Amino acid sequence: MNFFDLHLGPSFLAALAIIAGAFVSEDAATITAATLAAASVLDARVSFVSAVAGLWVGDLGVYGAVRWWRARAGKTRWFSQAADSLKRDFTMARGDWPLALSRFFPGTRLPAYVSAGLNRMPFARYAAITGITAVLWTAVVFAAIWIFPAQAETARERAAYLGFAGLAAFVGLWLWKSQGKQLHGSLQKIWQKVMRWEFWPAWLFYTPVTAMCVWLGIRYRGISLPTIANLNQKNGGIIGESKMEILHELMKSSPASTARAWIVAAGSEEERLARIESILQMHELSFPFVLKPDTAQRGAGFRKVQSIEDARNYLKTVAESLVLQEYVAGPNEAGIFYYRFPGDAHGHIFGITRKRFPIVTGDGVHSLEALVEQDERARFLKKVYLMRLGTEANRIPVVGEKVRLVEAGNHCQGCIFEDGWDLHSEELRRALDEISQEIRGFHVGRFDVRYITDEELSRGRGFQIIELNGAASEATNIYDAKNSLWTAYRTLYRQWKLIYAIGSENRKRGAVPRTAFAVWQDWREFSARACDFPIAD
């Protein structure tokens with residue numbers, strides 16, 4: 001039978017029905033056409049052409065409607081404003097590839113078609129792209145329908161297979177159209193997180209850094225040289241050092257520049273609570289204040305305590321020695337990575353990090369969880385923020401209410417790090433020189449400081465040291481979103497090279513590095529304890 005002989009009779013009416021059906025549901029019309037062809041009810045050529053025509057005519061109709069709208073836009077102010085608004089909304093869908101791929105991705109076709117019309121894509125190019133993709137999509141559906149009954153031996157089996165195949169294809173396409181947009185969004189988030197390397201898990205990000213340290217250990221003939229980079233800290237500040245011991249030295253040598261702190265030794269809950277109350281009374285310390293484990297890292301267990309009841313609840317979760325420190329409001333915080341070689345009269349600032357504490361602003365409609373999800377950066381750390389917020393995540397802040405998402409100035413806790421080299425000055429370097437030279441055995445690490453204004457900090461005044469971290473600390477300005485992964489690794493290599501070189505110099509002066517096995521044992525011991533630390537503020 002010749003194809004052109006099919007233009008009259010039931011076949012012709014069926015073809016028109018398929019084309020018309022595509023305006024109601026493209027998927028249903030295409031599946032119906034494929035099923036009719038597979039069951040030999042309708043000629044396969046007629047079915048295929050009808051299905052393609054239904055898709056294509058609809059595509060051309062959208063393009064024509066948008067072009068008509070665009071033509072009218074120039075005649076009235078209202079149409080012009082509406083067209084400009086649509087053009088802005090659909091600008092991301094512009095181009096040949098987005099137009100072609102939109103056929104296969106739910107939620108993207110209408111924006112791509114509208115964009116093509118608004119941006120006056122040549123009709124021939126639009127028709128060619130949509131025509132080709134309509135053929136490809138129809139071929140995929142036809143192939144899926146035809147595969148199932150291909151092995152059927154009887155007409156009855158074939159009909160059963162066709163019914164199942166048609167139903168399965170329709171359900172599959174419905175799920176793809178209804179859930180595909182959500183799936184596409186999830187995949188997009190994963191891809192964005194891959195590209196935003198600052199959010200990579202620690203084991204992945206630090207694998208190359210481990211390789212760097214192995215190489216530097218070979219070059220300087222000692223893998224554990226960083227353990228003697230700072231002679232005043234256990235393991236050089238790699239793991240297990242006491243925050244209180246370091247703060248105690250700073251409070252003795254530089255009291256005006258150090259936030260006051262006291263040790264709360266391990267003991268029963270009541271003994272430690274009594275110790276806290278004694279410190280508050282003896283030193284006239286008011287709320288809020290800070291509690292944190294004496295040997296924690298990366299902000300683990302940090303808690304801003306607002307009342308005695310807060311302190312009591314915290315003590316129930318941490319059994320080991322704690323540091324009680326006065327709360328320094330700031331409002332600004334910076335991390336200043338400093339180093340000085342043994343024997344040198346002066347040190348150097350390696351890097352400065354501005355620490356920005358993320359906030360979300362209430363709109364009176366969305367919950368805190370929704371506001372976090374809407375934030376371009378916060379959504380990548382949604383799990384961290386929601387764990388901290390607890391049931392508060394369901395609260396709807398009033399219009400204009402600002403909610404701070406993190407108190408601890410640590411990247412892994414959700415603080416935003418930005419390069420702060422503009423704060424660098426000779427006055428600031430001299431101020432850190434004076435402080436560090438009073439700490440016998442200290443050579444490299446990061447001063448975490450809170451301060452009021454940039455101007456005062458640059459002059460080397462008006463700051464309070466809340467922590468001094470050792471060799472394991474980082475020049476955290478690498479986490480500025482403007483930095484590339486290559487820049488970050490290059491900076492870390494320079495930093496670790498300095499640490500190994502300082503350790504090597506101390507070895508020449510008689511210091512003995514700890515064994516790698518001993519450091520590993522300390523790390524295991526700390527990791528076991530850290531599992532019990534509460535969520536940081």
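Which residues do ring pairs link into a cluster with F205? Ring pairs join F205, Y206, F417, Y479 and Y489.

This is a predicted model, in which local features need pLDDT of at least 70, side-chain atom pairs count only at pLDDT 80 or more, and totals for chains, interfaces and linings use all residues. Residues are numbered from 1 along each chain as its sequence is written, and side-chain values use heavy atoms, with hydrogens and water left out.

**View 1. The aromatic pair F205 and Y479.** The whole structure contains 16 aromatic pairs. Rings of Phe, Tyr and Trp (its six-membered ring) pair if their centres lie within 6.5 Å; planes under 30 degrees apart count as stacked, over 60 as edge-to-face and the rest as tilted. F205 and Y479 make a tilted pair, 6.0 Å centre to centre with 45° between the planes. F205 is in helix α9 (residues 202-205), while Y479 is in the loop between β11 (463-469) and α18 (485-508), 274 residues apart. Helices (H or I, at least four residues) and strands (E, at least two) are DSSP runs, numbered from the N terminus. Both F205 and Y479 are buried; buried means under 20% relative accessible area, exposed over 50%, and partly exposed in between (1.4 Å probe, protein chains only).

**View 2. The stacked pair Y220 and Y500.** The ring centres of Y220 and Y500 are 6.5 Å apart, with 25° between the planes. Y220 lies in the loop between α10 (207-219) and α11 (243-253) and Y500 in helix α18, so the pair ties together parts that are 280 residues apart in sequence. Y220 is buried at a relative accessible area of 17%, and Y500 is buried at 2%.

**View 3. R404 over the ring of F357.** The charged end of R404 is 3.8 Å from the centre of the F357 ring. A charge sits over a ring if NZ of Lys or CZ of Arg is within 6 Å of the ring centre and within 35 degrees of the ring normal.

**View 4. Strand β2 and its partners β3 and β4.** In strand β2 (residues 289-293), five of five residues are buried. On one side are F289, L291 and P293, and on the other V290 and K292. Three bridges join β2 to the antiparallel strand β3 (residues 303-305), where K304 is the bridge partner of V290. β2 also pairs with strand β4 (residues 322-326) in the antiparallel sense, over five bridges, and P293 stands opposite L322 in β4. Two strands pair if DSSP finds at least two bridges between them.
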